[in-house]
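Subject: Handing over a model, with notes on charges and cores

Hi there,

Here is the structure I promised to pass on to you. Have a look at it first, and then read on for my notes.

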Amino acid sequence: MFDFLVRPFRKKTDGDVRYCRIIKDIFGFKPGNVELYKLALIHKSASVTLPDGVPINNERLEFLGDAVLESIVSDYLFIEFPQSDEGFLTQLRSKIVSRSTLNDMCVKIGLSDHIISQSAGYVQKHLHGDALEAMIGAIYLDKGYDFTNRLIINDLFEKYLDLESMTATETDYKSRLIEWCQKSRHTIHFDTRHDSGSSSHSPKFRSVAVIDKMEMGYGFGSTKKEAEQNAALSVSQFNAENIRSNYLEMLDKAVAEQSSGKAAGRKPQAAEIAESKVATDGAAENLHGETGDNVNGEAAENEPPQNAPNVADENTRTENPHGDDR
């Protein structure tokens, strides 16, 4: 069925010569099995269907190329940053293999001009990066791992990758937010669902970042991952004063419930929230990073609002639910 993939020594047609020239111009080498490179450039939207119903496109090569690329990037970063910890290496690898980075690289090397597709809109956002991964998979099958490793590092990373800029830019907002919540002993989860108007051809997702059962931020995206990153970004832009304000609103509600007898027979919810807020006051400024900077490089707000009550005030409000502070 796929015998055309293992016929690298047959007589080349004019089309084969054209593809060989494309690979030579972009990557600087002569391909052995040109059929692999043809396949790498066929997007799913332009699939060729065989008589037995099997579609021919670059999805399988994309799957393989993704794994090969991640392995090469991991090895590369391990050597380039010998003093860096696992967290730094993981975040930097995520940036390098991200769809936006691969899309940009595919366009810069000119590979995007040769992709065969019939897609637009949502699919177009992923098409270029997918094709580059598929091409990496084709190179790996044709030339082997060592050849692919040298090619990616010497001809792609060295020419088209700005590691200095990547190390200075924060993009993994979700990981940063989860880390902050763990340090501050807050619970967090992302409620991600299909958004209205979503379809199989143009999926849309809406994600809500829920911290301590409060909706603290939301985001949209064409993938679940993108929506959750945007939701985390919206929380990272939520300064300490806003966080305190939300906790105070919950405290007022809990005091009202306690006074009406709804919280009888258990630890007052107001006390629980007051304890949580004590931790929040000390950790909210760290949401934007340990240095006091937020994820966009701006200074975090370190001063509490003038009207923010201290812990003693909250204890008073908790013990005297019918007092003037209500």
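Let me start with a question: are Glu35 and Lys38 buried or exposed? Both of them are buried. Please keep in mind that this is a predicted model.

**Salt bridges**

Glu35 and Lys38 make a salt bridge, with 3.8 Å between their closest N and O atoms. The two residues sit in helix 2 (residues 34-40), and their spacing of 3 residues is about one turn of the helix. In total, I have 9 salt bridges for you to look through.

In one of them, Arg99 pairs with Asp130 at an N to O distance of 3.3 Å. Because Arg99 belongs to helix 5 (residues 99-109) and Asp130 to helix 6 (residues 122-143), this pair ties together parts that are 31 residues apart in sequence. Arg99 has a relative accessibility of 23%, so it counts as partly exposed. Asp130, on the other hand, counts as buried because its value is 11% relative accessibility.

In the other, the side chains of Lys174 and Glu228 form a salt bridge at 2.5 Å, N to O. Lys174 is in helix 9 (residues 173-184) and Glu228 is in helix 10 (residues 224-236), so here the parts tied together are 54 residues apart in sequence. Lys174, at 24% relative accessibility, counts as partly exposed, whereas Glu228, at 14%, counts as buried.

**Nonpolar cores**

Now for the nonpolar side. The largest nonpolar core holds 49 residues, and Phe27, Ile96, Met135 and Phe157 have the most contacts inside it. At least two residues of this core come from each of helix 1 (14-27), helix 2, helix 3 (59-80), helix 4 (86-96), helix 5, helix 6, helix 7 (145-160) and helix 8 (163-168). Helix 6 gives the largest share, with 8 residues.

Leaving aside residues up to four places away in sequence, Ile96 touches Val73, Leu77, Thr101, Leu102, Phe157, Leu161, Leu163 and Met166. Another core, made up of 13 residues, lies apart from the largest one. Its members include Ala209, Ile211, Met216 and Ala231.

Happy browsing, and do write back with any questions!

Best wishes

Note on methods: Residues numbered from 1 in each chain as written. Predicted model: local features only at pLDDT ≥ 70, side-chain atom pairs only at ≥ 80, totals over all residues. Heavy atoms only, no water. Salt bridge = Lys/Arg side-chain N within 4 Å of Asp/Glu carboxyl O. Helix = DSSP H or I, 4+ residues; strand = E, 2+ residues; numbered from the N terminus. Buried < 20%, exposed > 50% of the residue type's maximum accessible area, 1.4 Å probe, protein only. Core = buried A, V, L, I, M, F, W, Y, C linked by side-chain atoms within 4.5 Å. Contact = heavy atoms within 4.5 Å.
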